[in-house]
Amino acid sequence: MKIESKINTISSHRERPGIKTSKNSLKDTVSIGSRKDIGVSYYPQDPSVTEPVLSKIAGNNITPGPDNDRIDTDGDVKPKEDGNLIYSPEEAEFINVQTFVSVDKVINMAEKFLGKKIKWSFGREKIIIHPDKGEMKNAYYNKKDGTLNFFHFKDKKTGQTIHTGKSFDIGSHETGHAILDGMKPNFLKWNIETEAIHEAFGDIISMLASLQEDKVCELFLKETGGDFRKENLLSRIGEQFGQSVMGKPFIRSAINSYTYSNPYLLPQMQQEDELTGEAHVFGQLFVGTFYDIMEKVFNQYVSQGMGQKEALKK
């Protein structure tokens, strides 16, 4: 679904060019055809809150795009001579790698949780990614042609070019739409509540997928000390877009005090800090509930002696 927002441009954080190295060295120079994993660089969260990190993805059947058995990325980006897809945010190839890795990691996580292969609603094996389809303040999943579409726009105050595809929050959210659409093809246009569940599912997938990365867990604990009631990079969805376009620190937040009301009796448009029947807003009811459950599970594990970082990833 498209990002719906009121336009109110303010300054946003600059993307940080550096790539964060970690204990997992990516020195392997084996050619891509003979290795199981390849190194990648990507933002594991929103570009305004974390630097790119080094990670690994399955290297089997990677072709220029990058593509694999499940994903067809518009473009012909291929690994460098060392066999890795490690680019900096300033390089043109980065946006293709970022969107590909975001979608790939979400698919793998979802299939691991579900214990089965996800079937797309559009009947193909591969979902198509358009990493930068043009200029627009938006990103969306298109059910009809089975595509994930990302765009760029210029922040009028800072002059910075913002790519919606560089945000892991946004990329994973849109992938969540495609996954749920594969499981429940009628939910997108059934009624207000099923559309809201779609929006909530995208945000929940975004939170869960970002926690697969150690760096995000560490930043969450640094910001909160384990207190889920403190605003943090996990609860905030789409900080960079929210700052630049909506005049607020995020697009949506999992920390909210909304309580259920009949969505058909509510205003059907977005209003600041007020529950409405608009799908993105009403969906925050479900996101907030899931976030509360995450907090209780986390606290339960910690009370049993588990470390905070391990409890987050559990």
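I began with the contact pattern: of the contacts in the chain with a separation of 6 or more, 63% are between residues 24 or more positions apart. The model I am reading is predicted. For the record, I noted seven helices and 10 strands in the chain, and 54% of its 314 residues count as buried.

**Entry: α1 against α3**

I looked up how helix α1 (residues 94-114) sits against helix α3 (residues 192-210). Their axes are 10 Å apart and the packing angle is about 95°. An angle from 65 to 115 degrees counts as roughly perpendicular, so I put α1 and α3 down as roughly perpendicular to each other. I then listed the residues that make the contact: V106, M109 and F113 come from α1, and I205, L208 and A209 come from α3. Sorted by class, this contact of α1 with α3 has six nonpolar residues, no polar ones and no charged ones.

**Entry: cavities**

I ran through the cavity search next. Over the whole structure there are two cavities of 30 Å³ or more. I followed up the second largest cavity, which holds about 30 Å³ of space. Which residues line the second largest cavity? I found D46, I162, H163, T164, S167, I170, Q240 and F241. Two elements, β8 (161-163) and α5 (239-246), each supply at least two residues of this lining. By class, I have the lining of the second largest cavity as three nonpolar, four polar and one charged.

**Entry: α5**

Is α5 enclosed or open? Eight of the eight residues of α5 are buried, so the helix is largely enclosed by the rest of the structure. I wrote them out as E239, Q240, F241, G242, Q243, S244, V245 and M246. Q240 and F241 of this set are also in the lining of the second largest cavity. For the surroundings, I found that the buried residues of α5 pack against β7 (152-154), β8, α2 (168-183) and β9 (236-237). I also looked at what comes after the helix: G247 follows α5 and has a positive phi, near 70°.

**Entry: second largest pocket**

I moved on to the second largest pocket, whose volume is about 340 Å³. Its lining takes in 20 residues, and those closest to the pocket centre are K248, I251, Y258, D273 and Q284. I recorded β10 (252-253) and α6 (279-303) as the elements that give two or more residues to the lining. Which element gives the most to the lining of this pocket? That is α6, with three residues. By class, I noted six nonpolar, seven polar and seven charged residues in the lining of the second largest pocket.

**Entry: the loop between β2 and β3**

Last, I checked backbone geometry in one loop. G65 and P66 are joined by a cis peptide bond, with omega about -5°. I placed P66 in the loop between β2 (53-58) and β3 (71-73). N61 is found in the loop between β2 and β3 as well. N61 is not a glycine, yet I read a positive phi of about 65° for it.

Key. Residues are numbered from 1 along each chain as its sequence is written. This is a predicted model: local features need pLDDT of at least 70, side-chain atom pairs count only at pLDDT 80 or more; totals for chains, interfaces and linings use all residues. Side-chain values use heavy atoms; hydrogens and water are left out. Axes are lines fitted to C-alpha atoms, for helices over the stretch in contact, and angles run from 0 to 180 degrees between N-to-C directions. Helices (H or I, at least four residues) and strands (E, at least two) are DSSP runs, numbered from the N terminus. Angles under 35 degrees count as roughly parallel, over 145 as roughly antiparallel, 65 to 115 as roughly perpendicular and the rest as oblique. Contact means heavy atoms within 4.5 Å. Ala, Val, Leu, Ile, Met, Phe, Trp, Tyr, Cys and Pro count as nonpolar, Asp, Glu, Lys and Arg as charged, and the others, Gly among them, as polar. On a 1 Å grid over the protein atoms alone, a cavity is a set of points where a 1.4 Å probe fits but cannot get out, and a pocket is an open set with protein on both sides within 12 Å along at least five of seven lines; lining residues have an atom within 4 Å of a point. Grid points are joined across faces, edges and corners, and a volume is the space filled by probe spheres set on the points. Buried means under 20% relative accessible area, exposed over 50%, partly exposed in between (1.4 Å probe, protein chains only).
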